[in-house]
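I open a notebook page on this structure and write down what I looked up, one topic at a time.

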Amino acid sequence: MDKAEIQEKVCTILAEQLAVAPDKVTPAARFSEDLDADSLDLVEAVLALEEEFGVSIPEEEMEDVKTVGEAVDLVAQKLGVSA
Amino acid sequence: MPRRVVVTGIGPVTPVGVGVTEAWDALVAGRGGVRPIERFDTSELPVRIAGEVLDFDPAEFLDAKEVRRSDRVSHFAVAAAKLAWRDAGEPSVEPTRTGVLFSTGIGGLESLLKQHKTFLERGADRVSPFMVPQLMPNAAAGHVAMEFGFSGPNTCIVTACAAGAHAVGEAYRYIKDGLADTFIAGGTEASVLPLTIAAFSQMQALTKNRDASKASRPFDKDRNGFVLSEGACALILEDAEGAVARGARIYAEIAGYGASADAYHITAPEPEGYGAILAIQACLTDAGERPEDVDYINAHGTSTQLNDAAETRAIKKTFGDAAYRVAVSSTKSMTGHLLGAAGAFEAGVAALAITNGLIPPTINYETPDEVCDLDYVPNEARKADVRLALSDSFGFGGQNAVLAVKRFEP
């Protein structure tokens, strides 16, 4: 899986989990301001990402993740995929 | 001087229909909503029928995200509240003077069970962060308040099969005492699930009758348990003066409320109707009415041997000779038992009986029982001039609530 595929999957999952239109889920989109996601939504979204990619994302690593792009980077890093 | 309280909107979401027209038309036609269960496999269960709300799409009432984040019990509540609010003509209100009292018997059990399964099979770190707000019984009242932005008194009364009646009764008192001007008061339940079928069945509470359309038969000699149902109903209650001033269509007045406990057994009713009598008497006293002036009683009438006999005794002891002149019907013969939603829906039915001059029947009444010898309005709706109606609700836990619903005379 390359980074582009990871990004596509992450965006699809987030759109579903956060119940927002897929075109709003861009790398620059901010979870709180642009996607109206609260802390509970983020926990649920991370559960779904962990499930999909078979990775473990501890809470403290999510603390700095504010945008979709940062979430994609985190997942890619876990999978050992670089840009 | 205490204020008067009127019903200006009704929002049923029930196995016999969604919305006033559909639900009321079914009731007066004697059309039941008990069917073979469709939402899950029943092949291993002792009971395979229930009153389910089918063709219900929560997305018609809530945005997609809230649908995901909340349990079916809250979906029903928000739907009922919105239907009732529309039915009341969407009055313009002061949000801080508008309260919500939404009860349930059980809460978001389906979500709890789903997460418990995840927890057991896959571990603590797979449990959804939404489980707590989904399962808590007061979630429905919270969701309704959020949908409307109403920030007046907001609570939830959990009294099993009497919960919906307590909600209407307590909301009536808030308005009567001047603590709020408008209330959305209702009950909701979404517990038709394999586990609850098993559990109520182990109590011998559910009918084992396989014929869905004949299963719920309150006051009939061959009754042998209730039918588990799901749904919700909300009533819009308003200060009468305000409702008249805004030209609201008024169904009826909530004229009295009586509450009591059997203090006897955690599930069985006191056989002589002790607690039920106290609640009926307290309700009539509150309404300033006499037993002989009651035209109609929407009975608790669950179709269990014990309830229907005890309720009949309670009516006879409270009403004396007048017991044989009052029309008593159980709409649970058609809806099944909506548990925490029952009392709110049935108070709405009492109001509709007054408005329409028509009493819905007790269907499946075929064989008279010597211990149930009142006029149960068997099988066919009856035209009647109903001025004063009571709605009885008696819960597991021994908690009783009775409402008096009266034609509104300004």
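I began with handedness: a crossing is left-handed if the near helix is turned anticlockwise from the far one by less than a right angle, and right-handed if clockwise. I noted that helix 1 of chain A and helix 5 of chain A cross in the right-handed sense, helices being DSSP runs (H or I, at least four residues) numbered from the N terminus.

I then noted that this is a predicted model, in which local features need pLDDT of at least 70, side-chain atom pairs count only at pLDDT 80 or more, and totals for chains, interfaces and linings use all residues. Residues are numbered from 1 along each chain as its sequence is written, while chains are lettered from A and ligands numbered from 1 in the order in which they are written.

I looked up which residues meet, taking contact as C-beta atoms, placed from the backbone, within 7 Å: A:K3, A:I6, A:Q7, A:V10, A:C11 and A:L14 of helix 1 of chain A face A:V68, A:A71, A:V72, A:V75 and A:A76 of helix 5 of chain A.

Between the chains, I found six residues of chain A in contact with seven residues of chain B. For the complex, the predictor gives an ipTM of 0.90 and a pTM of 0.97.

Chain B averages a pLDDT of 97, and 100% of the residues score at least 70, pLDDT being the predictor's confidence in each residue, from 0 to 100. Lastly, I saw that helix 7 (residues 163-176) of chain B and helix 14 (residues 342-356) of chain B have axes that come within 5 Å and cross at roughly 60°.

Terms used. Helices (H or I, at least four residues) and strands (E, at least two) are DSSP runs, numbered from the N terminus. Two residues are in contact if their C-beta atoms, placed from the backbone, lie within 7 Å. Axes are lines fitted to C-alpha atoms, for helices over the stretch in contact, and angles run from 0 to 180 degrees between N-to-C directions.
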